[in-house]
Amino acid sequence: MQSNYLKYDFEANDDLDEHQTEQLWIDITEIIMHFTRCFLLAMLALGSLTVSSSGPLHAQCKVEWYFGLSCRHVCEALVTQIKKWRTMEGCNLGGEKCLYKLQSASVHFIAAKHMAPWKKHVEDINFRLTPYQFFTHCHVSAMSVSETWFAVTDHGTNYCNLYNLIEGSGLTEAPGYKEITSEFLCTQRSSANCTVY
């Protein structure tokens, strides 16, 4: 099919009749729409590549930890730390090691909330604890998710919500300590500064 786009010789046809002028505008509009569609498709393709390689679509973090301790010991350490940082006191010198609120706790599951002291954003936190090696070791699958529906980036806040509790409770020094996460599972993990967030 041969396109009749730009079939007009503008210099030779200074005297276009009304029908030709109307057809010219229709052709120009079709060309603009064609290029606009191509541009939008290119931007959509580029955007999906960027999003798929940069991490979650909502501010959140998922981390797997392994400890050479029983899940009961890990649970007690985390619950104690959450309770210790329930007031504003932990943030008096900066950072966000404060305003944690325990929602529920058992040897297999801990639910809590964290409120950013200055912006008052809230994140939902949970730790799922699974024993292994005859109950002598513990695998912790942790998740922190921003409640703010439009939060896409978080400067690593969700990672720090989890890591600060693990570090504060002394579990980073536990035998067999191992952390597994990635930028894909954890919003802005590589730029997280847990002394600030």
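**Close-up views of the predicted model**

**Figure 1. The side chains of Glu123 and Asn161 form a polar contact at 3.1 Å (N or O atoms within 3.5 Å, one able to donate a hydrogen and the other to accept it; residues adjacent in sequence count only through side-chain atoms on both sides).** Glu123 belongs to strand E4, which spans residues 122-132 (strands are DSSP runs of E, at least two residues, and helices of H or I, at least four, numbered from the N terminus). Although buried, Glu123 has no salt bridge (Lys or Arg side-chain nitrogen within 4 Å of an Asp or Glu carboxyl oxygen). Lys119 provides the nearest side chain of opposite charge, 9.7 Å away (Lys and Arg positive, Asp and Glu negative; His and chain ends not counted). The model is predicted: local features require pLDDT of at least 70 and side-chain atom pairs pLDDT 80 or more, while totals for chains, interfaces and linings use all residues. Residues are numbered from 1 along each chain as its sequence is written, and side-chain values use heavy atoms, without hydrogens or water.

**Figure 2. Ser190 lies in the segment that follows strand E6 (178-180).** Ser190 counts as exposed because its relative accessible area is 63% (buried, under 20%; exposed, over 50%; partly exposed, in between; 1.4 Å probe, protein chains only).

**Figure 3. Three helices and six strands make up the secondary structure of the chain.** Along the sequence, their order is α-β-α-β-β-β-β-α-β. The chain comprises 197 residues, of which 34% count as buried.
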